[in-house]
Amino acid sequence: EGRADAGRRAPRAGRGRAGALAAVTQGAAGGAALWNEASYTDFEVLLDVNPAKPAGDSATSPTLLIGSPAANQAIALDATPGKWTRFTLKIKGKVVTVTPLGGESKTITLGDNLPVQRAIGFQVGAAAVSLANINLRK
């Protein structure tokens, strides 16, 4: 089991294959992101997300990016601040299905400007978020 979030244990992941992450600066407007090194056409992502509890009333969802550092689409992962949530994302062609464990699936259609071979990235912003058990499956 992984350690995350000030000593609290992250949920145990299923079997999968993790890729290395690399930081990429996307310019002043886009901030920075962590991207996996490999890219795939159709794949599945499993991950656990725990957004920090906001200091004020403004809670922001963690953001997963699909595409490349040059051209990508943001997918908001609606997770409860202070609570671990497991997500499964299935990417097939231009369709992304996002399913939180025990929640309803939502379907998103990717734009035409994205590469056919896509990677995933995690947007680095002002809101803190803990990520654990990031697995990619082809």
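The following questions and answers explain the terms applied to this predicted model.

The model is predicted, with local features needing pLDDT of at least 70, side-chain atom pairs counting only at pLDDT 80 or more, and totals for chains, interfaces and linings using all residues. Residues are numbered from 1 along each chain as its sequence is written, and side-chain values use heavy atoms, with hydrogens and water left out.

Q: Why are strand E10 and strand E12 called edge strands?
A: In the open sheet of five strands, the order is E10-E9-E8-E5-E12, with antiparallel pairing. Strand E10 (106–109) and strand E12 (129–137) are its edge strands, since each pairs on one side only.

Q: Why is the contact between Glu44 and Lys90 called a salt bridge?
A: A salt bridge is a side-chain nitrogen of Lys or Arg within 4 Å of a carboxyl oxygen of Asp or Glu; the closest N and O atoms of Glu44 and Lys90 are 3.9 Å apart, so the pair meets the definition. The pair links distant parts of the chain, with Glu44 in strand E5 and Lys90 in strand E8, 46 residues apart.

Q: Is Glu44 buried or exposed?
A: Buried means under 20% relative accessible area, exposed over 50%, and partly exposed in between, with a 1.4 Å probe and protein chains only. Glu44 has 17% relative accessibility and therefore counts as buried, whereas Lys90, with a relative accessible area of 47%, is partly exposed.

Q: What makes Asp78 and Lys106 a link between separate parts of the chain?
A: Their closest N and O atoms are 3.4 Å apart in a salt bridge. Asp78 lies in the loop between E7 and E8 and Lys106 in strand E10, so the pair ties together parts that are 28 residues apart in sequence. Asp78 is exposed, because its relative accessible area is 51%, while Lys106 is partly exposed at 32%.

How values were computed. Pairing = 2+ DSSP bridges. Helix = DSSP H or I, 4+ residues; strand = E, 2+ residues; numbered from the N terminus.
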